[in-house]
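This report describes selected features of one structure, from charged pairs to nonpolar cores and helix packing. The sequence and the coordinates are shown first.

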Amino acid sequence: MTASSSLTDLLHAAVTAVGGSERPGQVTMAEAVAEAIDGDAHLLVQAGTGTGKSLGYLVPALAHGERVVVATATLALQRQLVERDLPRTVDALHPLLRRRPQFAMLKGRSNYLCLHRLHEGVPQEEEEGLFDPFEAAAPSSKLGKDLLRLRDWSDETETGDRDDLTPGVSDRAWSQVSVTSRECLGASKCAYGAECFAEAARERAKLADVVVTNHALLAIDAIEGAPVLPSHEVLIVDEAHELVSRVTGVATGELTPGQVNRAVRRAAKLVDEKAADALQTAAESFERLMELALPGRLEEIPEDLGYALVALRDASRTVISAIGDTRDRSVQDEDAVRKQALAAVESIHAVAERIVEGSEYDVVWYERHDRFGASLRVAPLSVSGLLREKLFSERSVVLTSATLKIGGDFNGVGASLGLAPEGIEGDDLPQWKGVDVGSPFDYPKQGILYVAKHLSQPGREGSRSDMLDELAELMEAAGGRTLGLFSSMRAAQAAAEELRGRLDLPILLQGEETLGELIRTFAADARTCLFGTLSLWQGVDVPGVNCQLVVMDRVPFPRPDDPLMSARQKAVEEAGGNGFMAVAATHAALLMAQGAGRLVRATGDRGVVAVLDPRLATARYGSFLRASMPDFWYTTDRNQARRSLAAIDAAAKENEK
């Protein structure tokens with residue numbers, strides 16, 4: 001911090017530049033972040049909706065002067081940072097700092113257009129051998145149109161970033177023009193290396209003072225050892241409540257018959273017949289087993305699966321060596337074909353070997369999907385040790401979100417990140433502090449938390465007709481304006497189907513249109529209601545009168561048959577802890593806090609969060625869940641809830657005149 005410009009001056013300049021107004025919580029947050037960065041310490045900050053947390057961490061980070069990496073969970077926040085908050089903040093702070101900090105966005109390689117793929121075609125494994133998808137795809141087909149548009153876009157784009165392409169294209173089309181890091185030839189070997197969009201993004205990141213990335217790339221950087229992100233002194237993790245699940249996702253391995261067969265086809269042209277046949281035989285054995293696989297955790301690997309995985313592992317290892325030893329100039333674009341085959345087989349080898357080795361810290365299970373069939377998956381029992389070791393060493397870390405205090409303190413989220421309870425000292429324990437800077441909203445006056453205590457307790461099956469009756473009454477009282485958050489897609493679909501027949505209100509259902517289009521339609525019309533599942537619990541920002549009733553059909557505990565969650569719960573219990581509270585209740589509390597946060601998005605918002613599950617009022621864990629939610633005025637009186645909704649609806653209609 002420069003003596004001539006205090007943090008207060010800098011924050012004031014930045015807030016003015018983005019057209020906002022300073023809030024006490026934002027000032028408190030900025031001071032706490034500055035203190036943590038200056039002291040090489042770690043900080044967890046809960047900053048409620050409307051605090052202005054982006055500036056609360058950007059201003060002290062920019063003032064500090066060392067390189068900072070900001071990792072977020074959602075594309076929307078990455079765009080906001082790079083397109084709005086950072087340009088304006090840098091402009092505002094430039095005269096005070098007497099320097100102009102540079103910033104850049106960095107994502108994983110597959111997010112960028114690959115010019116080699118675009119111009120040379122995609123190595124294919126079909127019987128016809130190699131072909132150019134641009135020639136093969138009918139120009140009138142959806143794929144053909146997407147590919148032609150990508151070719152045109154490649155001449156215009158400066159970034160090659162998929163997210164800069166509007167409207168977007170299908171995953172299938174994008175896969176024709178992108179590569180993973182394993183498939184990439186490398187800039188030095190690629191004819192297009194000098195023009196590579198991914199390499200250009202990396203070079204910009206190396207020169208930037210602020211690098212904006214996503215949780216997935218942060219996880220890859222931590223897990224894979226080879227650094228992807230440039231060296232940095234400060235790490236800020238926004239939307240930090242999502243970090244554990246994103247890291248778990250990156251650390252999860254999967255084997256499917258389709259994936260294994262693709263690897264066989266890609267490698268067959270490049271190795272001798274003996275090596276190819278061994279991999280083909282192993283693949284066939286694995287596929288036969290997977291046809292009989294029943295969903296669920298495998299606490300021990302069955303003998304027949306063990307044999308199949310050892311065969312896959314050994315055959316893959318032989319093929320990997322053989323691909324490296326042989327050259328075949330008759331194969332068009334041989335380096336790219338070889339690299340793609342190698343990446344596919346290495347992935348099979350890595351997952352098969354991991355499961356065969358059988359670490360006590362891994363969970364293995366079968367999954368079945370109606371469309372894609374069976375898969376074999378392996379994930380870490382916990383990522384807390386990994387995060388403690390990789391995240392909190394050699395840099396100051398700030399983690400922030402609107403929902404980090406679960407059940408009234410930070411220790412639950414802290415434990416999932418590998419942190420000991422706040423204040424506990426120890427040689428290998430990262431020291432951290434938790435700060436709740438509150439919210440600018442007056443939750444008790446702006447919102448009501450209504451729990452339908454009189455309803456029957458939800459079971460695993462059943463129509464819950466009393467819940468649907470209650471939901472219909474609430475929606476009618478609200479005049480629409482309803483965001484329905486359901487614990488499963490099946491429940492959302494059943495409710496939409498039933499209530500479309502009962503109510504004269506438009507009801508949108510997740511999956512019937514793109515999420516962005518659904519949210520735009522919902523936000524544009526007061527009578528419209530929107531029903532959906534997980535992504536709506538966290539991804540909807542509709543301030544104003546068109547979202548005045550947020551309904552949760554039940555407490556969103558993990559499914560009892562979720563292999564990873566149940567394994568984590570069991571591990572906590574075996575260590576002497578309360579597995580239900582540490583895993584299931586904490587999972588539900590985070591989601592309910594996020595879901596309830598959809599209601600009040602601006603200082604003028606009013607409304608009701610209705611939880612149609614009596615357990616929130618009657619169960620012993622109910623107070624823990626409620627303590628994790630915004631401090632709304634609480635009632636179990638159904639008439640009070642309906643009267644309040646009717647009054648809010650009448651006031652909104654009066655204002656619309």
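Is Arg 79 buried, partly exposed or exposed? Arg 79 is partly exposed, with a relative accessible area of 25%; buried means under 20% relative accessible area, exposed over 50%, and partly exposed in between (1.4 Å probe, protein chains only).

The model is predicted: local features need pLDDT of at least 70, side-chain atom pairs count only at pLDDT 80 or more, and totals for chains, interfaces and linings use all residues. Residues are numbered from 1 along each chain as its sequence is written, and side-chain values use heavy atoms, with hydrogens and water left out.

**Salt bridges**

Side chains of opposite charge can pair when their charged atoms come close. Across the whole structure, a search finds 34 salt bridges, each defined as a side-chain nitrogen of Lys or Arg within 4 Å of a carboxyl oxygen of Asp or Glu.

| Pair | N to O distance |
|---|---|
| Arg 79 and Glu 83 | 2.9 Å |
| Asp 469 and Arg 502 | 2.9 Å |
| Arg 642 and Glu 473 | 2.9 Å |

Arg 79 and Glu 83 are separated by about one helical turn because they stand four residues apart in helix H4 (residues 75-97). Helices (H or I, at least four residues) and strands (E, at least two) are DSSP runs, numbered from the N terminus. Glu 83 is exposed, at a relative accessible area of 52%.

The salt bridge between Asp 469 and Arg 502 has one partner in helix H19 (residues 465-478) and the other in helix H20 (residues 489-502), so the pair ties together parts that are 33 residues apart in sequence. Asp 469 is partly exposed at 35% relative accessibility, and Arg 502 is partly exposed at 38%.

Helix H19 also contributes Glu 473, whose partner Arg 642 lies in helix H27 (residues 638-656), so this pair ties together parts that are 169 residues apart in sequence. Arg 642 has 27% relative accessibility and Glu 473 has 28%; Arg 642 counts as partly exposed, as does Glu 473.

**Nonpolar cores and a buried glutamate**

A nonpolar core is a set of buried Ala, Val, Leu, Ile, Met, Phe, Trp, Tyr and Cys residues joined through side-chain atoms within 4.5 Å. The largest one has 88 residues, of which Leu 417 and Val 609 touch the most other members. Helix H24 (residues 579-596) supplies the largest share of this core, seven residues. Another core, of 40 residues, lies apart from it and includes Leu 7, Val 15, Val 68 and Val 210.

Glu 242 is located in the loop between strand S5 (234-237) and helix H11 (243-250). Glu 242 counts as buried because its relative accessibility is 14%. Not counting residues up to four places away in sequence, Glu 242 touches Ala 73, His 215 and Gln 538, where contact means heavy atoms within 4.5 Å.

**Packing of H1 and H3**

Two packed helices are described by the angle between their axes and the distance between the axes. The axes of helix H1 (residues 7-17) and helix H3 (residues 53-64) come within 10 Å and cross at roughly 125 degrees. Axes are lines fitted to C-alpha atoms, for helices over the stretch in contact, and angles run from 0 to 180 degrees between N-to-C directions.
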